[in-house]
Structure formats: C-alpha cells, structure tokens
Amino acid sequence: MEEERKVEQKQEKDVLMLAIETSCDETAASVVKNGRKVLSNVIFTQIALHTQYGGVVPEIASRKHIEKINQVIEEALDRADVTLADITAVAVTYGPGLVGALLVGVAEAKAISFAAGIPLVGVHHISGHISANYIEHEDLEPPFICLVASGGHSHLVAVKDYGEYEIIGRTRDDAAGEAFDKVARAIGLGYPGGPKIDKISAQGNPDAIPFPRAKVAENEYDFSFSGLKSAVLNYLNACRMKGESFSQADVAASFQKAVVDVLVEHSLHAVREFGYEKFAIAGGVASNSSLRAAFERECEKRKIAFYRPSPLLCTDNAAMIGAAGYYEYRKGVRSGYDLNAVPGLKL
Ligand code: KG4
Ligand code: ZN
C-alpha cells in the first residue's frame, strides 16, 4: 500500500514527455522531464539533402522523416535511459509547417500513444520555439515578451501565461529567416542562408551599404522585410550593370545589420510601451550572433532581463516541443486520435 502510494506520488511529481517534431526538415525526438529538464535531444537534420536543390523540397522532407523517425525516437529513449513504459505522455507538433512532414510526426505520435496507452498532446510549433526559453532559464516565468523569428514567422508575442499568447506585431510580408535565405541565395552563398550570412558578416562592414529600415505605418510593432530584400537585389543589379564587383561580406553584413536594427528597435519599444520587465527571443534567426549581441547590449542598457535559448535550441528541435507540451499537459490538454496536421495553424 505504502509502496503504491509512493509510486503514485512519483508519477504525480515527474512528467516524462516524449516529444516529436517533424514540421520542416529536421526529424527530431526528445525526452523532457517536467517541462524544463532535457534528458535527450536527438535531431536528424536533412540540410545536406536539400542543399543541392537550394531549399527544402517538401516531398523529399516527408519521405526522409518516414525513413528516420523510428530510429530518432529509439535513440531519444536510449539516450535518456528510459523505455516507453516510463513515458507519461507524447507531445507532437501538429502545425504550422509542411503538411506531409507534419503528418509523419502526428501519425507516429498517435501510434505511440495508442500502443503505450499514454495521452497525446498536440503542440503548436511557435509555442514550442517560445518554450525553448524555459529549458535553460529555470527562473523564467510568464509574463514576458518574446520575439519569434524563424524561416516562416516573425512575431512579437506577449506571453501572458504558459501557452497563452497575444500577438503584438507580425511581418507583413517575408519572415526574417526567409529574407536571410533569399539574400544569401542572391549573393551566391546558397542554402541555408541564415548561418552563412551570419558567418561571412564577421568579415564585412555593416555600415558599407545603407539598406532601408522599414516601418509599417499602421502598426509600429509590425515588420516588413520585402523592401529590404528588393533593396539588396537592386544594389546587386546596379553593380552588375556598371560591371562592378561587390563584396559578399559587406552586402551580408549591411543586410544583417538592417534586419537586426529593426528587430531590436521594434521589440524593445514593445517591451517598454507594454510595461514588461522580461524579454526573450526564439526561432532559427535567434541563433544569429549579431542579433544576440545587439539584444544583450540593448537590454542591459535598458535594464530589461534578457533570455535566449542556446543556438541548438533556437533552430527546430523536439526538446522545445516537450517543454511546451508539458505545460499543455499540466493544463489538462489531451488530443484525440482525430488530431490532424494543420499547416497554417494560428497561434
Ligand atoms: O526555426 P527554424 O529552424 O525553422 C522554422 O520554423 O522556420 O528557422 C529556420 C530559419 C531559416 O530561415 C534560417 O536561415 C534561419 O532560421 N537561421 C538563421 C541563422 N540560423 C538559422 N538566420 C540568421 N542567422 C543564423 N545564424
Ligand atoms: Zn521552427
């Protein structure tokens, strides 16, 4: 009897979440304890496979997910030194993302939930990105403002409570990561653009070319990056017309500075105007070294507590889904076996 109670208490206390993420080109699985402690974080990246096509090919991504998913999950359980019998619930990204890619993770999670007799928790990919901040910052609790900048999204979000979000600003056109990828292609750096621009910018002059910093008239917290992208393309065309060469490093550094300036200005303006004391960044672009340095500097100046996941937890991974899934689970969220992939899922 005493033994049984102990087991029950342990189960109440520790929630071991198996998390799965397949929304784009990473096949990822992770075991996360109580939303904050990552016991394993396995990521099979398909980048090399898509590089030859200059970007992610959805059909290839889905097929590769199918090929890799079981292996990645087994490895996540092994590295965490647990079996399915130890797992409390399974969390999975069900949107937004590529529909075929999402479906692989969702079908897998349903099968595990059914076979192991454990609850299924559908997780929003962006909620996952934001929740990556909880993993390495034990003291971080809502409310705070988070800038989410990834390949598909650029959002300024007020995190009111765990899993409760209010969007303050969004991009009117391209996402920040998308702009990085497009500019990288235009200057001949290829895919994936973000990390390549980040690296080469270190050798360039960020003030070499005065690219525009766009403001959106109707909402001071919104972003627009298509004008900046066009300005880079125009600059490159002008160089070609004049038969002049251009410096890849200078274009990259000047473009990067224009993006960083806008993201920093809008974000910290929102933190001040809305009266928040904490600010976090998330998403693939949050791994950008110049962006991280700028926020560190500016937040310190303004006495705002600044949080950022380490670079590996900024880009797509399943640990962040385990963190977000835990808080959904705690709120009593349970998905049914009719859970479907929702490519355009809203936050
Ligand atoms: O969050 P993520 O891995 O996937 C999406 O949910 O979209 O973000 C991928 C995006 C890509 O556009 C990639 O170029 C960008 O994040 N990215 C970066 C860096 N690393 C990845 N952008 C700027 N600097 C980086 N170091
Ligand atoms: Zn992502």
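Lys68 lies over the face of Phe44, 4.7 Å from the ring centre; a charge sits over a ring if NZ of Lys or CZ of Arg is within 6 Å of the ring centre and within 35 degrees of the ring normal. The model is predicted, so local features need pLDDT of at least 70 and side-chain atom pairs count only at pLDDT 80 or more, while totals for chains, interfaces and linings use all residues. Residues are numbered from 1 along each chain as its sequence is written, and side-chain values use heavy atoms, with hydrogens and water left out.

**Aromatic pairs**
- Rings of Phe, Tyr and Trp (its six-membered ring) pair if their centres lie within 6.5 Å; planes under 30 degrees apart count as stacked, over 60 as edge-to-face and the rest as tilted.
- By this rule the count is 13 aromatic pairs.
- Phe114 and Tyr337 are edge-to-face because their ring centres are 5.9 Å apart and their planes stand at 80°.
- This pair ties together parts 223 residues apart in sequence, since Phe114 lies in helix α4 (residues 99-116) and Tyr337 in the segment after α12 (319-330); helices (H or I, at least four residues) are DSSP runs, numbered from the N terminus.
- Phe180 and Phe255 also form an edge-to-face pair, at 5.1 Å centre to centre and 80° between the planes.
- Phe180 belongs to helix α6 (residues 176-186) and Phe255 to helix α9 (residues 248-273), so their pair ties together parts 75 residues apart in sequence.

**Accessibility**
- Phe114 is exposed (over 50% relative accessible area), at 64%.
- Tyr337 is partly exposed, at 45%, a class between exposed and buried (under 20%; 1.4 Å probe, protein chains only).
- Phe180 and Phe255 are both buried.

**Cluster**
- One aromatic cluster is formed by Tyr134, Phe144, Tyr162, Tyr326 and Tyr327.

Technical notes
Chains are lettered from A and ligands numbered from 1 in the order in which they are written. Helices (H or I, at least four residues) and strands (E, at least two) are DSSP runs, numbered from the N terminus.
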